[in-house]
Amino acid sequence: MESGCSKKLLDLIPQEKKWGFIENQNGISHGSSEEKKLELKLGPPGEEDEPLVSFGYFSSMKSNAKQAHNKFPPPLEDHRGGAVLTASWAKNHHHQPKPPSCSQKRTAPGPVVGWPPIRSFRKNLATTSKLASESPTSLPHKVANERKPAAPEPRGKGLFVKINMDGVPIGRKVDLKAYDSYEKLSTAVDELFRGLLAAQRDPSADGPKQEEEKAITGVLDGNGEYTLVYEDNEGDRMLVGDVPWHMFVSTVKRLRVLKSSELSVINLGSSKKGKMVQN
Amino acid sequence: MNYFPDEVLEHVFDFITSHKDRNSVSLVCKSWYKIERYSRQRVFIGNCYSISPERLIARFPGLKSLTLKGKPHFADFNLVPHDWGGFVYPWIKALAKSRIGLEELRLKRMVVSDESLELLSKSFVNFKSLVLVSCEGFTTDGLAAIAANCRFIRELDLQENEVDDHRGHWLSCFPESCTSLISLNFACLRGEVNLGALERLVSRSPNLKSLRLNRAVPLDTLQKLLMLAPQLVDLGIGSYVHDPFSEAYNKLKIAIQRCKSIRSLSGFLEVAPHCMSAIYPICGNLTFLNLSYAPGLHGNKLMKLIQHCRKLQRLWILDCIGDKGLGVVALTCKELQELRVFPSDPFGAGNAAVTEEGLVLVSAGCPKLNSLLYFCQQMTNAALITVAKNCPNFIRFRLCILDPIKPDPVTNQPLDEGFGAIVQSCKGLKRLSLSGLLTDQVFLYIGMYAEQLKMLSIAFAANSDKGMLYVLNGCKKLRKLEIRDCPFGDAALLEDVGKYETMRSLWMSSCEVTLGGCKSVAEKMPSLNVEIINESEQMEFNLDDKQKVDKLYLYRTLVGHRKDAPEYVWIL
């Protein structure tokens, strides 16, 4: 590497001819043999006899990124070196350091203002969708998420997913983080819906219960009147209980309690053991 | 020169509709100028500060349709501060005072207040069509005024505006007597709408051809609307989230199948990806599909949908389609003319899902491709050269590599040769946006080959003033040049100031031009407004000509300095 990496691409002093050859950050120097590969003689004959060179560009766009080879050097003292995109790109770029102006809000390494050139309408799409469709351990985002994700709400305290039951028009939400096994989930389902189901069966029961509330059991083993299924992050319907609990928690998006008699009618996705789960 | 009576010429001029041609006609001689101006009904003003409403009214008393554009393009990317300008109110006020029977108003990047909308709605009896694109400054109250007062309204088209949504009642303001709607687009509104009012409105609009709903319109309402309006040609779905096993979904399937005229589909602002099969019956007829707001749709579900769309001419999509998905597009959409691939994760850590491979596939499979907007992870010279060979018909070519100075990852070279191939091959190229590592060389190519180029967008490119000079000298038809973060300084700016009079505007931000340079342009060219946007407090007290200018926007004008500029805009 030549001194201080200070090949100033944006050098305005008239030494344009001396573009020079510079080793890039990988230590590969580019000579004319490289360019010959992509020979495309578009230039007028005999004009610029300087062949194409590569410059020591370092991208700091991905300063946090996994691309280990994109290291960037310490910021240049010479501010005219626009070659080096450091975090404070916009300020280093000019001759004299300017105070941060109102349009340059970011202080931490991050995206340059106005780049990529998309309208603000489009900016929040990814964060909204990622939170809605990925598992709770989703990617870190620099952009603050202003919108509420659709169910489930991944990070933080609980993992709440919707749960609906056949025959019950109102759904519930259950916090999967509160349980650590399928058994506990099954018990919770019984608790959540037992009363509601009974109310559906006898809607005129406003006095003392005229019918015994029946426990909802056997949702996991196929033996009960109802069976517990879920929708995973790929949109497929799956039988609850096939995979280890923690794996289930990381892919579940919503739950349903279906009548076991209806199972044959409904398409279940990739259920390896078939419809009935053996205990 | 006049062998025919005026009426005959007027009749002949009726057949001349393009703005450019009519402008030419008006220059032939005085009598043609006169006949043309009285018969002109449609006027396009690309920069609202280039002319005044009074002069417009004076010249074209028969005006019926006006298109106005306000802020510079980079305002879309937050490079232009709030309150910069572009207010439509003075225009509406002046037109309202005059005897102009305005029927159509189309605005882009302008500030539109509720007051303006109200005045508009009350001043023109025959007002028929309002189209607002990327505007701001109004609320749903303004829309309520339009709905209530424009008795013959045919078109209310809101595209990507920042609207303060006061929730709800504006739709109810369309009177029962309003049955003339042809096009209604409120997809950009964030708030609730009165669904009952919407249904009633659609049911009494037999001519409705285009309907684009917002996120707040749920599926069962959509189904009802489709039953009421099976004649729709253009549909924008709001929310598409539902249970695939529900009755509502079944009803929707039936409703969609009745809509045999739908050619354009967009929206899916909320989407349940496993429910797309209901859409398949209409996919075969689609010519425009816009899924660019539906990040929930990707992978196999998306590809399956695309495979049904064999007649597609325009596709707007997110990059989660991936290179593989673009391969499916290449195999399926042989009529494709326009492709836009937007980033689904613009600030993510380099996870953009499309690369040069996807673009090459599409270029190979879709020979009619002529318009491209492509946000990608990386690009190679080899790919661009291939694309240039496959698709010589590009009119618009806009490439955005998410890392703006990324070289060709295979060779580590700048992308000069690749873009050079594009401009050399695509002789009809009118609009070009560059990105990636670029030196002065690419501008040499552009100056040499891009003879039809009207608009050029440059960011983080070039090594010296030569880059800008190649472009200014070479591109004879250049009208808009926008540059950010390039090393172009006063020498380039001042080389040929007369050139700027042949252009609509020039934008330069974070370049090397100085206050002195800008002043010099202003002095030499009184027909230009030279505006400096100056956001740092420091500059107020430092009038040193050597000071670098943060943002320069200059444009030709017939009416001198504008009076509505905010404090931080200096007009030199």
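These are my notebook entries on a few features I looked up in this predicted model.

**Ground rules.** I count residues from 1 along each chain as its sequence is written, with chains lettered from A and ligands numbered from 1 in the order in which they are written. Local features need pLDDT of at least 70, side-chain atom pairs count only at pLDDT 80 or more, totals for chains, interfaces and linings use all residues, and side-chain values use heavy atoms, with hydrogens and water left out.

**Entry 1: chain A overall.** I found 6 helices and 5 strands in chain A; these are DSSP runs (H or I, at least four residues, for helices; E, at least two, for strands), numbered from the N terminus. Along the sequence they read α-α-α-α-β-β-α-β-β-α-β. Chain A has 279 residues, and 43% of them count as buried, meaning under 20% relative accessible area, where exposed is over 50% and partly exposed is in between (1.4 Å probe, protein chains only).

**Entry 2: strand E5 of chain A.** Next I asked how many residues of E5(A) are buried. The count is 6 of 8 for this strand, residues 252–259, so I noted E5(A) as mostly covered. Strand E1 (residues 160–165) of chain A runs parallel to E5(A), joined by 4 bridges; pairing requires that DSSP finds at least two. Here Asn164(A) has Arg256(A) as its bridge partner. Strand E3 (residues 226–232) of chain A pairs with E5(A) in the antiparallel sense over 7 bridges, and there Glu231(A) stands opposite Arg254(A).

**Entry 3: two helices in chain B.** I then looked at H12(B) (residues 299–307) and H13(B) (residues 322–332), whose axes come within 9 Å and cross at roughly 10°. The pair is therefore roughly parallel, a label for angles under 35 degrees. H12(B) contributes Met303(B), Ile306(B) and Gln307(B) to the contact, while the H13(B) side includes Val328(B) and Val329(B); contact means heavy atoms within 4.5 Å.

**Entry 4: helix H18 of chain B.** Because 7 of its 10 residues are buried, H18(B) (residues 465–474) is largely enclosed by the rest of the structure. Among the buried ones I listed Asp465(B), Met468(B) and Tyr470(B). Their cover includes helix H17 (440–449) and strand E18 (455–459) of chain B.

**Entry 5: Asn78 of chain B.** Where does Asn78(B) sit? I found Asn78(B) in the loop between strand E2 (65–69) and helix H5 (89–97) of chain B. Asn78(B) counts as partly exposed, at 39% relative accessibility. Leaving aside neighbours within four places in sequence, Asn78(B) is in contact with Val113(A) and Lys123(A).

Terms used: Axes are lines fitted to C-alpha atoms, for helices over the stretch in contact, and angles run from 0 to 180 degrees between N-to-C directions. Angles under 35 degrees count as roughly parallel, over 145 as roughly antiparallel, 65 to 115 as roughly perpendicular and the rest as oblique.
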